[in-house]
Amino acid sequence: MSETLALLQDLIRRQSVTPLDEGCQDVLAERLTKLDFVEERLNFADTQNLWLRRGTQKPLFTFLGHTDVVPTGPLDKWLSPPFEPTICDGKLYGRGAADMKGGIAAFITAVERFVAKYPDHQGSIAVMMTSDEEGIATHGVVKVIDVLEQRNEKIDWCLVGEPSSDKKLGDVIRVGRRGSLCAKLTVLGIQGHVAYPELGDNPIHSFAPALKALTEEVWDHGNSCFPPTSLQVSNINSGTGAENIIPGSLEAQFNLRFSTELDEATIKQRTHAILDQYGFNYELHWRLSGNPFLTASGALIAATHIAIKAVTGFETKDDTGGGTSDGRFVAPTGAQVIELGPLNETIHKINECIGLDDLEILSAIYEQILVNLLGSSTTESESNEV
């Protein structure tokens, strides 16, 4: 059994549903401190955060990941217990196998092999872990970045091990992500009897044309790196359940995934302008999950393309699709940020899995990226030009 597979099995056995870590970070710290990584725990509230760094020189390359996983869903729907890693038909099944304990196991063993071959490598290597990525992410990476910024500890290159691949491992790397803005709308009406509509004010009727306008709004046309901004309604609730009562209020939740063509303030202004056209009373509360970011070019993307080609034989594609990741907290510091990890086909699903071959290929790619960036005596001088 490979070191990468053994580590992944150990991590999957730990039932680290957000915000729990269940000792995952202890395992990683124990392995890397043996290689002269300095361990630092940066825990906030109920979130476990780990910062491991080897070296003090620039450039600083950081692997970023999360040890928490989403809930399993119905246990009887799984082929095998979700926290008992099971191998079947060339795949390892278990919650977190792809999102993202597989990526973690792959980059930890990649670091171990790289340090063994290049004990005096250029620059520094760090590993950042949190147990609050699948949740609301208020005490995780965003807090760690605050600490690093306060002491002017700057990340130059950040590779997030999130599942980015589409049809085959390494075919896509994420070089940016759309922003995410969440809204909770309450439309205020007047409850009453359906037989006396003149005495009530039905918020469902009031909101219907505004809902149509919101969903039909052309927010932008995207650009060469991002698709057009999308608004999606996720929840609408109103009424008491009785068939003869006009409801007194309506609650709706919606989310905008927005490109670099828009910003938070503009979206809010345009949303209020749409709602105000229809003359109903409402309350609107916003939560910014993250702004869009883009790593357009640089040494990290170049090194990753070369590594994927060397290991797999094919060219990869740069992309900005998918959801948000903790990379959104690192990019504003000026770091080059990409995401490269397993196939995303089974993430958050029943019977989540990762291919055994993919796991080894991914670890080899990670190691080659380190070689490309930090294994050469010329890396440091070249990186200063990026």
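Okay, let's start with Glu134, which sits in the loop between strand 6 (124-130) and helix 4 (141-150); helices (H or I, at least four residues) and strands (E, at least two) are DSSP runs, numbered from the N terminus. Before I go on, this is a predicted model, so local features need pLDDT of at least 70, side-chain atom pairs count only at pLDDT 80 or more, and totals for chains, interfaces and linings use all residues. Residues are numbered from 1 along each chain as its sequence is written, and side-chain values use heavy atoms, with hydrogens and water left out.

Buried means under 20%, exposed over 50%, and partly exposed in between (1.4 Å probe, protein chains only). Skipping residues up to four places away in sequence, Glu134 touches Thr18, His66, Asp68, Val69, Val70, Asp99 and His348, where contact means heavy atoms within 4.5 Å.

Two of those names come back now. UniProt, in an unreviewed entry, puts a "binding site" at Asp99, Glu134 and His348; its positions are in the numbering used here, feature names are shortened, and annotations may be inferred rather than shown by experiment. These residues span 250 residues in sequence, yet no two of their C-alpha atoms are more than 10.0 Å apart, so they gather at one spot.

On to Asp99, in the loop between strand 5 (91-93) and helix 3 (101-117). With 6% relative accessibility, Asp99 counts as buried. Beyond its neighbours within four places in sequence, Asp99 is in contact with residues including Glu162, Pro163 and Glu352. Which side chain makes a polar contact with the side chain of Asp99? That's His66, at 3.3 Å. A polar contact is a pair of N or O atoms within 3.5 Å; within protein, one must be able to donate a hydrogen and the other to accept it, and residues adjacent in sequence count only if both atoms are side-chain atoms.

Now zoom out. The chain splits into domain 1 (3-177 + 292-374) and domain 2 (179-290), with bounds from an automatic or database domain assignment. The contact takes 11 residues from domain 1 and 12 residues from domain 2. About 780 Å² is buried between domain 1 and domain 2, and carbon and sulfur atoms give 63% of that; buried area is the accessible area (1.4 Å probe) that two parts lose on being put together, summed over both. In domain 1, Pro292, Thr320 and Thr324 lose the most area to domain 2, together 56% of what that side buries.
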